[in-house]
Amino acid sequence: MHRRDLLPRTFDAAVAAANPALALPASLPEKPVGRCIVVGAGKATAAMAAAIETAWPDIELSGCVVVPFGYGWECQHVRIRETGHPVTAIGPLGEWRDDQ
């Protein structure tokens, strides 16, 4: 390997190690019997919810994760809510902004 290749390859390895689709399945506990409710908050939780859906396609999943605007992800069973700071993301009547 050339020296100039070391930094990009190291960066790519670090990004792959942090990818929930690659990292999360090995960290999951044994599959539950019955239903599993997924909850979470933070930038990576939508991607983590999608990784759980992929890893456990035969488990009945539901739940909700809250992520900052722009960090949404496509999930089939877990609801993804994008929001900003709680004070600015709640409308005058206290409702969530929910475009889904």
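Why is helix α3 (residues 45-55) largely enclosed by the rest of the structure? Eight of its eleven residues are buried, so the rest of the structure largely encloses helix α3. Buried means under 20% relative accessible area, exposed over 50%, and partly exposed in between (1.4 Å probe, protein chains only). The legends below start with the whole chain and then turn to single parts.

**View 1. The whole chain of this predicted model.** The protein chain has four helices and three strands, in the order α-α-β-α-β-β-α along the sequence. Helices (H or I, at least four residues) and strands (E, at least two) are DSSP runs, numbered from the N terminus. Residues are numbered from 1 along each chain as its sequence is written. As this is a predicted model, local features need pLDDT of at least 70, side-chain atom pairs count only at pLDDT 80 or more, and totals for chains, interfaces and linings use all residues, while side-chain values use heavy atoms, with hydrogens and water left out. Buried residues make up 24% of the 100 residues in the protein chain.

View 2. The predictor's confidence in each residue is given as pLDDT, from 0 to 100. Confidence is highest in α3, at a mean of 96, and lowest in helix α4 (residues 86-89), at 58.

**View 3. Helix α3 and its cover.** The buried residues of α3 are T45, A46, A47, A49, A50, A51, I52 and E53. Among the elements that cover them are α2 (20-23), β1 (35-41), β2 (60-68) and β3 (79-83).

**View 4. The β-α-β unit.** Together, β1, α3 and β2 make a right-handed β-α-β unit. A crossover is right-handed if, with the strands pointing away from the viewer, the path from the first strand over the helix to the second runs clockwise.

**View 5. T45 in helix α3.** T45 is buried, with a relative accessible area of 12%. The side chain of T45 reaches the backbone oxygen of G42 at 2.9 Å. Leaving aside residues up to four places away in sequence, T45 touches G40, V65, V66 and V67; contact means heavy atoms within 4.5 Å.

**View 6. V38 in strand β1.** V38 is buried, and its relative accessible area is 9%. Which residues does V38 touch, not counting those up to four places away in sequence? They are A49, I52, L61, S62, G63, C64, V65 and V78. M48 is ten residues from V38 along the chain, and the C-alpha atoms of the two are separated by 9.6 Å.

Notes:
A polar contact is a pair of N or O atoms within 3.5 Å; within protein, one must be able to donate a hydrogen and the other to accept it, and residues adjacent in sequence count only if both atoms are side-chain atoms.
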